[in-house]
Amino acid sequence: MKTFCGRANPTTGAMEWLEEDENYDYHQEIARSRYADMLHDKDRNMKYYQGIRAAVSRVKERGEKAIVLDIGTGTGLLSMMAASAGADFCYAIEVFKPMANAAVKIVEKNGFRDKIKVINKHSTEVTVGPDGDMQCRANILVTELFDTELIGEGALPTYEHAHKYLVQEGCEAVPHRATVYVQLVESKRMWSWNKLFPVRVEAEDGEKIVVSPSEMENCPGVPSVCDIQLNQMPSSDFTILSDVVTMFSVDFSKPVRSASTYYRVQLEPVKSGKAQIVLSWWDIDMDPSGTINCTMAPYWVKSTSAFQWRDHWMQCVYFLPNEEPVLQGEKVYLTACRDEYSVWYKLQKARGEDNKADVCVESPICRCQAHLLWNRPRFGELNDQNRTRQYIKSLMNVLRTDSVCLCISDGSLLPVLAHYLGAKQVFTVENSAVSRSVMEKFFKANHLEDKIKILEARPESLTSSHLEDKKISVLVGEPFFTTSLLPWHNLYFWYARTAVSKHLASNVTILPQSASLHMMIVEFQDLWRIRSPCGICEGFDVRTMDDMIKSSLDFRESKEAEPHPLWEYPCKSLSDPLEVLVFDFRETVPQHCLSTEGSVNLLRKGKSHGAVLWMEYHLTADISVSTGLMQISNEKGNCEWNPHCKQAVYFFSSVIESESLADLPSAVMYAINFDTKTGDIAMDFKLI
């Protein structure tokens, strides 16, 4: 059997469906899963174990047999905890077949074969009775079905069904309850991920301001949560407007309702300002008294210094539909609405009586389409004034009054900048219906609809009639394409430039004139854990899982880099940054591969977890923009990364195999190959 997988093709700028071996999808799922991260989460595992021991004891004290239902068992860890805590029997449910098979092996290896039955089904298909999957209903319900938003993985409908059909009334539950907390803040940085700010351009004929269409201004955006490592957000980037308040909680030991509902709290602002963002996180109590507590609270809320790093549960950023001015001490109502899988927020001024008439039951929908075209980092990038200034400066250097300009990038503001900076004529290629529609609205809002021509054609099918028989004297790109996942996928610009060669004037200026691929060897503070084997977890042998992840990484992916937004994942540089490949956009894409090899010296002591790779675009001879390293901020080697882009991380096998290197390596050998036929980059590294 074959399976089809979507992959970005950098040579066409499109998502393509490739036929893969039937195991590909499964290996991807395992290789990129968060199992390793969860098994390394000591705090979570310890608290679950304490909660499970306590629940088993409470049931035994009542003189009952302890029958456990563990939904979403994964490796079988929580069931093994229950069995070793004295549970009489455990039913471990796991819907993902390869994972269920692994759980069977792990359970057997740890000697719990007679106490744990692994059931490879969705919990809603599990049957109870003499001939059923379960002999009887359970009296202890153990689950770990939570995501950063708490309910995004379907915890509520799963609990609702379990209480109706799979567990006894008055059962014990681990966790016993979850509580969601919120805090109102003002943050220009986070707000810039959801709205486009006006762009100021100093042109020959005075200052021009590029504005958003009003429907974009008033659009609530997309309903999906923005989950980030809030602990990496410096306190200078937001202003706290309210105390932390409890928004709602769910008691898992009683029947749970998943139907849409809302919760409302009254807030008294501690400071006046613009309410833009609701920050949110949750905690879980593993026992009824709340003495065993596991919290996701960020650094400014949690007094303890012992932070548990985790990537499977982070914190949530919610954007209010509109910015609301609030005054210190003047009460407001915050409403949280939820359906089965997501939460959204609305802020209202407090009126005399508790006004319930206008509760937001409808999930927010983006009607302006910009939030469908641009993801949140892209909004941030478009709002980055320093970055925009570099493009303005470069365009001023290259544009003449008779310039005919063609822009190739998805949903870019470059055509507007080019027009305001004096180009005689501006064309822009928009490949998708969404980007065409957004840019049309944009040009219209700025009265430029007859000044900039949108071409609804792919670069290779442009004809001279599209360009009104003119030759292009300036070809520009950021470059940015929505299908790009890894930094070098934006090299599609080079392929597009090659495709439009016949329409370019002989003395054409290309901006950026070239790009370069850079790399640096780093030690991660925590990110290495997501790929590192666990071995023994809370006394249980989970090496079967480690082997499974390793063989999936070996299946193919381990020779590939993976994208991560490194501003959220601190690391220190062990080597100097190094330019490894150059791509000259003034020439067409060559037929032959571009490859390089060499070695890079390690200057600092530390664990070489991997290489980070990023692109730099040389707009003109002396102006460049980086999608990766912005600076190494101190002698310790702490790095500052471009916050709007994901960088490529290639984990070394020493992380994946967790071998401790007796001698610290002094250098890293590398071999990097750019295949011009596929647009892919293959790489290999060796510690020496």
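## Basis and overall count

The model is a predicted one, and side-chain atom pairs are counted only at pLDDT 80 or more. Under the distance rule applied here, the count of salt bridges comes to 33.

## A buried pair across the chain

Arg310 and Asp41 form a salt bridge in which the closest N and O atoms are 2.5 Å apart. The two residues belong to distant parts of the chain, 269 residues apart, with Arg310 in the loop between strand S16 (293-295) and strand S17 (315-326) and Asp41 in the loop between helix H2 (35-39) and helix H3 (42-61). Arg310 counts as buried because its relative accessible area is 4%, and Asp41 is likewise buried, with a value of 0%.

This pair also belongs to a network of salt bridges, in which Asp41, Asp43, Lys47 and Arg310 are linked.

## Two further salt bridges

Asp237 is joined to Arg189 by a salt bridge, with 2.9 Å between the closest N and O atoms. Because Asp237 lies in the loop between strand S11 (226-228) and strand S12 (239-240), while Arg189 lies in helix H7 (residues 188-191), the pair ties together parts that are 48 residues apart in sequence. Asp237 has a relative accessibility of 23% and therefore counts as partly exposed.

Within helix H10 (residues 376-382), Glu381 and Arg378 lie three residues apart, about one turn of the helix, and their side chains meet in a salt bridge with an N to O distance of 2.8 Å. Glu381 is buried at 7% relative accessible area, and Arg378 is buried at 1%.

## A buried lysine without a partner

Lys195 is located in the loop between H7 and strand S9 (199-203). Although Lys195 is buried, it has no salt bridge, and the nearest side chain of opposite charge, that of Glu217, is 6.8 Å away.

Apart from neighbours within four places in sequence, the contacts of Lys195 are Met216, Glu217, Asn218, Cys219, Pro321, Phe379 and Asn383.

## The largest cavity

Across the whole structure, a search finds five cavities of 30 Å³ or more, and the largest cavity holds about 90 Å³ of space. Its lining includes Glu381, the residue that is paired with Arg378 in a salt bridge. Also among the lining residues are Leu382, Arg387, Thr388, Tyr391 and Glu478.

H10, helix H11 (385-398) and helix H12 (414-420) each supply at least two residues of this lining, and the largest share, three residues, comes from H11. By class, the lining of the largest cavity has five nonpolar, two polar and three charged residues.

## The second largest pocket

The second largest pocket contains about 880 Å³ of space. Its lining is made up of 35 residues, of which Tyr35, Met38, Glu144, Leu145 and Glu153 lie nearest the centre of the pocket. Two or more lining residues are given by each of H2, helix H4 (77-84) and helix H6 (155-165), with the largest share, three residues, coming from H2.

The residues that line the second largest pocket divide into 14 nonpolar, eleven polar and ten charged.

Terms used:
Residues numbered from 1 in each chain as written. Predicted model: local features only at pLDDT ≥ 70, side-chain atom pairs only at ≥ 80, totals over all residues. Heavy atoms only, no water. Salt bridge = Lys/Arg side-chain N within 4 Å of Asp/Glu carboxyl O. Helix = DSSP H or I, 4+ residues; strand = E, 2+ residues; numbered from the N terminus. Buried < 20%, exposed > 50% of the residue type's maximum accessible area, 1.4 Å probe, protein only. Lys, Arg positive; Asp, Glu negative; His and termini not counted. Contact = heavy atoms within 4.5 Å. 1 Å grid on protein atoms, 1.4 Å probe; cavity = no way out; pocket = protein on both sides within 12 Å on 5 of 7 lines; lining within 4 Å. Points joined across faces, edges and corners; volume = space filled by probe spheres on them. Nonpolar A, V, L, I, M, F, W, Y, C, P; charged D, E, K, R; others polar.
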